[in-house]
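Please look through the sequence and the model below before reading on. The explanation after them takes one part at a time.

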Amino acid sequence: MEVDVPRARALVAWQVELLGAYRWLADARLARVHVDGIWERLPASWRSALDGTRLAELACLSCAAADPPPRTWPLSLLAFVAACRAASPSRVPAPTALTAPLGAPPGIPRALRYGVRPKKAHEVAVLAPLVARLATELGGSAPLLVVDVGAGQGHLSALVAHAHGLQCVALDGDGALVHAGRQREHTKQRMLARAARREAGARAGTGRVELGECLLEPGVDPAVFHAAVAAASGGERECVLVGLHTCGDLAPTCLRLAKNSARVRAIICIGCCYHRCSDDGGRADGARDAPGGACEACAASAPPADGAPGAPRGFPMSAHVRALGARGALGRAARGLACHEAERYAARLRAAGEPGADGAAVRAQLRLQGWRAALEAVVDALELWPTASAARRAHSLRLARTPECTASVSFDAYARAALHESLGSDGADASAARAAIARAAPLADAWARVVCVAALQQALALVAEGLLACDRLLFVAQPAAEGARQAADEARAGAARARALGAEGMATGVRVDGDGDDDEWSARLLPLFEPTISPRTLTIVAVRRRAPHAEALARAPREQPARDDDLRPQPRGAARARGAHGGTVHVGRMWTRVPQTGGRDARPSSRSSAASSSSAASSSAAFDDDNDGSAREQLVDVIQSR
């Protein structure tokens, strides 16, 4: 089911209440369940019920699972499950006014499947028809340019270009990926040409893909983005911006670019790696334990460095969630929890209840998850942190990938092997280590309790992801006046962070590009992919509804004559933002010119294409229809405040 703006506001209210009541559970680290006493913090009735629950029955705790919970559970636990399901956006793809005309995803030609993994093939097969529809209908007789941000090797752009005949620009900040993508594109073109010669009536793709290197940092000047697009495409054109699994702060950056640039007519944004988003605390947090839903590139890379003091933050984005203050905050652990794969974890729990070797292998892996928490108690007792971290984690991962080893190894052997290097380097007494391992043996035997806590966290994982997605949806759809106030607040916050870090005098300006502020956006949040294949399925689709003078603004020069008051130095630490239609943002002794979008320099344009207007109207109609589906019952009242 689609989520529109009113529905998103209602969901945010439920999500904030639920995450606030169980913040201690959402922020808990599984490795420290025993050390931090997380199991003991659960209500006694919950502990009693979960201790007697089979592993397969725990799958119902996932919001994505349709399994009914056991009726023997206490009412407060049943209410928790129901509240989590009600506060989470639907993750099951279903035909909507926007996607129903597309039908089933078409097959990908063999040439375009070259070098594409099954997961990526599913994503591009589903997303490409939607991108092509927006670019064609909004552009009318001249389809819009498709700009794929964070494109990697350009698999999505290749399918949109060659299967739908559109011009695409694929941008990525990694030069090695861009180079590999160019080579792969040449190979695909040769394969398409051979297929066209071999098959009667077949034709090679008529579209074109241009790959370019462009690193989009938070707070990037939209002129930098448009310059990279123009260099790759051969000129400035209106475009549809697409971000398929934009990691960390790249998704908020794309949304800000779309809002602040009149040349972007529509955006499709699918975020991932929320643990790498920066927050109002001033840093982009990398999880110490890579979440299961993190993409391979982010999981393999080092945690990001702190962002620039004045750069916009990745969460919260919208004025609505920002106004909630601490109530709407998501810490590092909660954002990492939002990256988890609830459907896949539920499938593992169901498989653990199966007889035979397959079920035994899954149970051994889940048991290892519990042993990892018991091992943390040993490390804490021996005061080995953090020297044992690398060896312990590496050994845990090695055992988890070898089911025959985990089925036969004992906890004593597991702990000794995991701590061997650290005990040797620290010179710890062997007898003390044996005693600590023996004391942790009862915790290792209670490994199922750690799995229960993990299942409860999966129920909150999709609530946390829903809050992040709804915040981004509300940011795209928020009026220009709220955006101007938020820009001023971000400028003041940037100045405060700069002073706190002793960064006086450095360039901490916040770019506020006002050329698109007069336009309104129609936005929806919908599940696009099959979550068992691609867990990050929540997709923001937004279309710009043009203001009367928008066509003139899209073609007007970006720079305006400087005025004296724009160039007047401001006191150190001062910050101001002028109006919703542009101005200058001053922080410290650095100022940034902001284009004016109204006043005497902007002239309404009477030139407009009738075909383009009718196509844009038909595409926007899918967003403007009220959602008449019956809303799920509000279950905030049954949330049990602990």
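The model is predicted, so local features need pLDDT of at least 70 and side-chain atom pairs count only at pLDDT 80 or more, while totals for chains, interfaces and linings use all residues. Residues are numbered from 1 along each chain as its sequence is written, and side-chain values use heavy atoms, with hydrogens and water left out.

Start with strand E2, residues 167-172. Helices (H or I, at least four residues) and strands (E, at least two) are DSSP runs, numbered from the N terminus. Six of the six residues of E2 are buried, so this strand is largely enclosed by the rest of the structure. Here buried means under 20% relative accessible area, exposed means over 50%, and partly exposed lies in between (1.4 Å probe, protein chains only). Gln167, Val169 and Leu171 point one way from E2, Cys168, Ala170 and Asp172 point the other way, and all are buried.

E2 has a parallel partner in strand E1 (residues 145-149), joined to it by four bridges; two strands pair if DSSP finds at least two bridges between them. Within this pairing, Val147 stands opposite Val169 of E2. Together with helix H7 (residues 155-164), E1 and E2 make a right-handed β-α-β unit. Right-handed means that, with the strands pointing away from the viewer, the path from the first strand over the helix to the second runs clockwise. E2 also pairs in the parallel sense with strand E3 (residues 208-213), over six bridges. There, Arg208 of E3 is the bridge partner of Gln167.

Now turn to the salt bridges, of which the whole structure has 20. A salt bridge is a side-chain nitrogen of Lys or Arg within 4 Å of a carboxyl oxygen of Asp or Glu. One of them joins Arg449 and Asp51 at 3.3 Å, N to O. This pair links distant parts of the chain, 398 residues apart: Arg449 is in helix H20 (residues 447-477) and Asp51 in helix H4 (residues 44-51). Arg449 is partly exposed at 31% relative accessibility, and Asp51 is partly exposed at 42%.
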